[in-house]
Amino acid sequence: MATEALVSFAVERLGDKLIQEAKFLKGVSRQADRLHRDLRAMQCFLEEADKKQEEDSRVRNWVSDIREAVYNAEDIIDMFILNAQSLRRNFFLKCGFKKLINRYKVGKKIEALQLGLLDISNRREALGIKNIGEGKSRSAKNQMLQGLRRSSPHAEEHVVVGLEKEADELVNQLIGGDLRRRVISLVGMGGIGKTTLAKKVYNHRQVVECFPDCRAWAYVSPDCRPRDVYMQIIKQLVCTSTKDQQVLEMVEKLQEHELGDFLHEHLKEKRYLIVLDDVWSCRDWNCLAKVSSNDPDCLGNVFPDGGNGSRLLLTTRDKDVALHADARSTPQEMQLLSKQKSWNLFCGKAFLDHVDADRYPPDLVQLWREMVDKCNGLPLAIVVLGGLLSRDMSHTEWRKVHDNINGYLAKEGSQTGVMTVLNLSYIDLPSYLKPCFLHLSLFPEDYVISTRKLFLLWIAEGFVLSAEQADQQA
């Protein structure tokens, strides 16, 4: 998962040792330097390999071999330095013969490690792992996940709990206020209900009446492709009947920038509502709206401001995206459900025939309540848990689910399991932050972590540079 980042840190630590302990490495410094260069060269391929290892066990083994090679290199250098220091301290053992033996042993180990790296390098090409910059690959697993998560406004949730107030506020923002074009954003973590609320509002009677002829819904995804998004919108706004087939054929031949211009012309005189679901970064927004990098305050060249009350509705996990899209609008931040609302949602999903949970044995209901509490108010987790009730399970089986709820939530619904959906946020983290995030798993559940202690631990692990180290590298 974070192999590329972890190996990078290990290689950097190895380089620091070669510099700091140079006086002890006489006789093998040239071999050690070459080993360091070979390991640094392998780093160029690890980002690509990290994306592929989840779906290919051969790539996973290849990455594991690199990780082992880095750690072995560190062990070899540490052992040589330790022996060299010991010989310097003990006068009676300080003889040329022992030094030669020490150098010979380390030299042979480095040679063996370099042969192993050569074999690893030769296997790379067979696995189709490219250098960074030779082209980005999309993980097939991520493509499948994004396809399954592709949202549609027509698949509206029938059981919605705890969003009534938020929906009313959002409807008022969409149909009221000033006439300038506004970008209204829903912000929150994955699985918290942003898309569910957006669907509810999109299909609200007042919103439909306010935007009767010009509403469209587009799913963006982490792999933002402006052309695909434009085509989703155009098909809903322009090509709505079979007689528009010729127009559709003409539009499909246009380049990305021409599609943006076409959409701008179509929207210019209209009062429109466009939902952009799952926008991940400010850069994605700039690409979609065609915002000029020279003028960040520009409204963009795709979604015009006709002064007629047009609206865009964004869903995003990043508040910075919302503020970047429209600094004058206040993002609506989604909140986790309370315990009572969590239970109501669970019952609504579990008992579709409105059967009361109290008809079940009290000890079983208590188990369910404890499991719902473990979902910590996250709607996606509660919905997945409610779906388990469709199975005829014994009390013993429910106890197993209760005792390993994270495992069940991870695999339930296959590719749309809770952990799989939340994993998208982890994938989107910069590589240098991934080991910092994974390090948190060392702390017990519900443990209060001291910020200062955490920073010191990250510095000790090499994840974060101390002020002194940063000054030395500057």
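A: The model is a predicted one, in which local features need pLDDT of at least 70 and side-chain atom pairs count only at pLDDT 80 or more, whereas totals for chains, interfaces and linings use all residues. Residues are numbered from 1 along each chain as its sequence is written, and side-chain values use heavy atoms, with hydrogens and water left out. On these terms, the protein chain has 22 helices and 5 strands.

Q: What percentage of the residues of the protein chain count as buried?
A: A residue is buried when its relative accessible area is under 20%, exposed when it is over 50%, and partly exposed in between, with a 1.4 Å probe and protein chains only. Among the 474 residues of the protein chain, the share that counts as buried is 43%.

Q: Of the contacts between residues at least 6 apart in sequence, what percentage join residues at least 24 apart?
A: Contact here means heavy atoms within 4.5 Å. Of the contacts in the protein chain that link residues at least 6 apart in sequence, the part joining residues at least 24 apart is 75%.

Q: At roughly what angle do the axes of helix 6 and helix 7 cross?
A: Two packed helices are described by the angle between their axes and the distance between the axes. The axes are lines fitted to C-alpha atoms, for helices over the stretch in contact, and the angles run from 0 to 180 degrees between N-to-C directions. For helix 6 (residues 164-175) and helix 7 (residues 194-202), the axes come within 10 Å and the crossing angle is roughly 55 degrees.

Q: Which word describes the angle of helix 6 and helix 7 to each other?
A: Angles under 35 degrees count as roughly parallel, those over 145 as roughly antiparallel, those from 65 to 115 as roughly perpendicular, and the rest as oblique. The axes cross at roughly 55 degrees, and helix 6 and helix 7 are therefore oblique.

Q: Is the crossing of helix 6 and helix 7 left-handed or right-handed?
A: A crossing is left-handed if the near helix is turned anticlockwise from the far one by less than a right angle, and right-handed if it is turned clockwise. Where helix 6 passes helix 7, the crossing is right-handed.

Q: How do the residues of the contact of helix 6 with helix 7 divide?
A: Helix 6 contributes E166, A167, L170, V171 and L174, while helix 7 contributes L197, K200 and V201. Ala, Val, Leu, Ile, Met, Phe, Trp, Tyr, Cys and Pro count as nonpolar, Asp, Glu, Lys and Arg as charged, and the others, Gly among them, as polar. By that grouping, the contact holds 6 nonpolar, no polar and 2 charged.

Q: Which residues touch the most other members of the largest nonpolar core?
A: A nonpolar core is a set of buried Ala, Val, Leu, Ile, Met, Phe, Trp, Tyr and Cys residues joined through side-chain atoms within 4.5 Å. The largest core has 43 residues, and those that touch the most other members are L197, V201, F346, W368, L385 and W398.

Q: Which residues is V201 in contact with, leaving aside its neighbours within four places in sequence?
A: V201 belongs to the contact between helix 6 and helix 7, and V201 is also among the core residues that touch the most other members. Beyond its neighbours within four places in sequence, V201 contacts A167, L170, V171, L174 and V207.

Q: Does S342 count as buried or exposed?
A: S342 lies in helix 14, and, apart from residues up to four places away in sequence, S342 touches L337, V372, G377 and I382. Because its relative accessibility is 3%, S342 counts as buried.

Q: What is the C-alpha separation of K341 and L163?
A: K341 is found in helix 14 (residues 339-350), and at 37% relative accessibility K341 counts as partly exposed. K341 and L163 are 178 residues apart along the chain, and their C-alpha atoms are separated by 10.0 Å.

Q: What is the value of phi near which D278 lies?
A: D278 is part of strand 3 (residues 273-279) and is buried, with a relative accessible area of 5%. Phi of D278 is positive, in a residue other than glycine, and is near 75 degrees.

How values were computed
Helices (H or I, at least four residues) and strands (E, at least two) are DSSP runs, numbered from the N terminus.
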